[in-house]
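Dear colleague,

I am passing on the structure below, together with some notes on its charged side chains. Please read the notes with the structure open beside them.

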Amino acid sequence: MTTIDRVESTTATTGSGVAVQIANALAPFVGGDLPVRLTAWDGSEAGPVDAPHVTLRSPRALRRLLRHPGELGAAQAYVTGELDVEGDVDAALTHVWSVAHERQLTGIRPTPAAIAAVLKVARAAGAIGLPLPAPASQAVLKGRLHSVGRDRQAIHHHYDLSNEFYSLILDPHMAYSCGYWRSDAADYTVEDAQRDKFELVGHKLGLAPGMRLLDVGCGWGSMSLYAAEHFGAQVTGVTIAAEQKKFIDARIAERGLQDRVEIRLQDYREVPDSDFDAVVSLEMGEHVGQDNYPTYASVLHDRVRPGGRVLVQQMSRRGRHPGGGPFIESFIAPDMHMRPVGETVDLIEGSGLEVRDVHAMREHYVRTVAAWHRTFEDNIDQVVALVGEEVARVWRLYLVGGAMAFRDGRMGVDQILAVRPDRGTSDLEPVRPASWS
């Protein structure tokens with residue numbers, strides 16, 4: 001018995017309400033019965049009784065789906081509450097993704113008659129009309145792509161929600177990048193995984209007391225502070241998020257690190273210093289854009305001394321959505337650009353750096369995002385009180401979808417270690433040191 005047969009055998013679609021009409025009209029688009037149990041605003045139901053339960057609370061949800069079929073329309077309807085998912089959002093999205101894969105829905109080309117049937121149902125349901133305004137949480141950027149001004153807008157949209165908001169998701173380090181999980185013990189937490197990531201980065205860079213480290217895109221300062229406190233480095237961190245700088249400056253003062261850490265509100269292209277002993281950039285390269293990546297790589301090369309090391313931790317992605325897909329690009333990280341890791345390595349070497357090690361960490365991100373999601377849900381009442389229901393829904397969708405993307409191999413993350421050659425030599429051992437393990 002096929003998957004579609006199994007779905008049909010448990011379907012309980014009766015009556016002639018909106019949900020039934022939608023299910024019948026969508027059959028050519030979804031390769032058979034709906035992959036979900038659907039309840040419409042008129043109380044009618046359709047679809048498999050044992051499938052995840054989706055509720056359309058308003059014709060506005062259908063209007064958004066018609067205007068932006070697929071991921072973006074569904075996300076807009078979900079974050080506004082016009083569409084709801086009962087129960088576990090992760091389980092629901094995983095089920096829908098699995099059915100789409102099994103039915104090979106990307107290859108389906110509905111006929112004009114099928115499209116006309118959908119429009120007929122939408123018209124009868126009152127879902128045809130002028131485009132609805134985008135949700136308030138959707139990004140609106142102005143200016144030339146990846147100009148300094150537009151990049152500041154993009155970073156402000158994502159990172160300046162408030163430091164308090166991110167503290168309800170992240171670990172006490174406030175590390176917003178993939179951790180390095182070295183244990184399966186029940187008492188080993190994401191805080192431990194982030195600490196072990198900092199240790200790994202520090203050893204790869206060969207940090208030692210007094211060395212000058214540049215942290216490009218320093219976030220909330222987790223790597224900068226750790227390098228100063230635990231490796232004795234002299235750290236300069238740069239960010240273009242004002243809220244982040246305010247947060248780090250407070251931590252510097254609390255820990256008495258004013259003589260070892262300086263944080264600047266500065267674009268990476270505007271850093272005037274050079275001859276740093278090492279440079280680190282943790283998950284910032286995704287934000288510089290495809291055309292600007294050679295400039296970014298050249299800045300990393302030019303700021304480190306000959307013989308010095310550079311470590312880039314960066315997400316990778318294949319396919320036709322280098323920004324992560326319509327939802328991510330519209331609500332979370334506008335103007336982001338990812339590529340296969342091999343292309344990133346080529347761009348880094350094009351700057352004159354020599355890549356010496358590529359360390360894949362995709363599975364580590366599954367565990368990292370899962371930990372963030374648990375903390376988020378544990379603090380959901382505080383999250384909603386702070387940023388509102390709509391933004392809370394955006395972040396639930398983001399965290400669930402992100403974990404799925406890494407789990408299913410649609411996205412990866414890698415640490416890329418490079419050196420700036422000094423007439424063919426460097427201070428890096430020709431084999432991977434045991435201390436990196």
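Lys-245 is partly exposed, with a relative accessible area of 24%, where buried means under 20%, exposed over 50% and partly exposed in between (1.4 Å probe, protein chains only). Please bear in mind that this is a predicted model, in which local features need pLDDT of at least 70 and side-chain atom pairs count only at pLDDT 80 or more, while totals for chains, interfaces and linings use all residues. Residues are numbered from 1 along each chain as its sequence is written, and side-chain values use heavy atoms, with hydrogens and water left out.

Lys-245 forms a salt bridge with Asp-249, their closest N and O atoms lying 2.8 Å apart; the term stands for a side-chain nitrogen of Lys or Arg within 4 Å of a carboxyl oxygen of Asp or Glu. Both Lys-245 and Asp-249 belong to helix α11 (residues 242-255), 4 residues apart, or about one turn of the helix, helices being DSSP runs of H or I with at least four residues, and strands runs of E with at least two, numbered from the N terminus. Asp-249 is partly exposed as well, at 30%.

The structure holds 23 salt bridges. In another of them, Arg-57 pairs with Glu-86 at 3.5 Å between the closest N and O atoms, and this pair links distant parts of the chain, with Arg-57 in the loop between β3 (53-56) and α3 (59-67) and Glu-86 in the loop between β4 (83-85) and α5 (89-103), 29 residues apart.

With kind regards
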